[in-house]
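Visitor: Could you walk me through this protein with a few questions and answers?

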Amino acid sequence: MESEIGQRLRNIRTQLGLSQRQLSRQSGVANATISQIEAGKLNPTVGMLKKVLDGVPISLGEFFGDEFEARDRVFFRADELTEIADGGVSFRQVGTNLQNRAIQLLKEQYQPGAGTGKHEITHEGEECGIILSGRLEVVVGEQTAVLTAGDAYYFKSNQPHSFRNSGNQPCELITACTPPTF
């Protein structure tokens, strides 16, 4: 998926008429990093990719989603959820085109030691989640907690936040974000 991420990023950037340097300035991510991602030489963390895409701006869901999805679609089979992450983190989104939608619903999985990256995430709106299995370290602003099955979180997502599986088993959770800006 590394080269696919790079190719998608290059396609979106060029469609918008942006140079790598312009995207670098708009996102605050080094030009060399963007170049390596586009060349498939660097597999960005979720946090890093989110930071790059904020410079466009485009959400992770839009980035990984198909071009078109019927707006009135109601049901989604497990194999139809849209994967919007890579590596040790899986974000499986209900639906692909969330433009003009109010909620983003995800089934997330973090492998042991995996997380959103060294850069904290910020975006408009609110988000919440409930842990189904495993352990997840959640950092929101100055607060940190290790959550296990049945535990939950809810916060305004303009606060810097990050997630990391601090356990030795995969962690699964269901999350929601409103509006769908992630």
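Here are some questions about a cavity and a strand in this predicted model.

Visitor: How many cavities of 30 Å³ or more does a search of the whole structure find?
Guide: Happy to start there. Rolling a probe the size of a water molecule over the atoms shows where empty space is left. Searching the whole structure at that cut-off of 30 Å³ or more, the count of cavities is 2.

Visitor: Which helices each supply at least two residues of the lining of the second largest cavity?
Guide: That cavity holds about 50 Å³ of space. Its lining includes Val-46, Leu-49, Leu-60 and Phe-64. The helices that each give at least two lining residues are α4 (46-54) and α5 (60-64).

Visitor: How many residues of that lining are nonpolar, polar and charged?
Guide: Among the lining residues are Ile-5, Pro-44, Thr-45, Ile-84, Ala-85 and Asp-86. The lining of the second largest cavity divides into 8 nonpolar, 1 polar and 1 charged.

Visitor: What is the bridge partner of Gln-109 in β9?
Guide: Strand β3 pairs antiparallel with β2 (residues 89-93) over 5 bridges, and there Ser-90 stands opposite Gln-109. Strand β9 (residues 171-178) also runs antiparallel to β3, joined by 7 bridges. In β9, the partner of Gln-109 is Glu-172.

Note on methods: Residues are numbered from 1 along each chain as its sequence is written. This is a predicted model: local features need pLDDT of at least 70, side-chain atom pairs count only at pLDDT 80 or more; totals for chains, interfaces and linings use all residues. Side-chain values use heavy atoms; hydrogens and water are left out. On a 1 Å grid over the protein atoms alone, a cavity is a set of points where a 1.4 Å probe fits but cannot get out, and a pocket is an open set with protein on both sides within 12 Å along at least five of seven lines; lining residues have an atom within 4 Å of a point. Grid points are joined across faces, edges and corners, and a volume is the space filled by probe spheres set on the points. Helices (H or I, at least four residues) and strands (E, at least two) are DSSP runs, numbered from the N terminus. Ala, Val, Leu, Ile, Met, Phe, Trp, Tyr, Cys and Pro count as nonpolar, Asp, Glu, Lys and Arg as charged, and the others, Gly among them, as polar. Two strands pair if DSSP finds at least two bridges between them.
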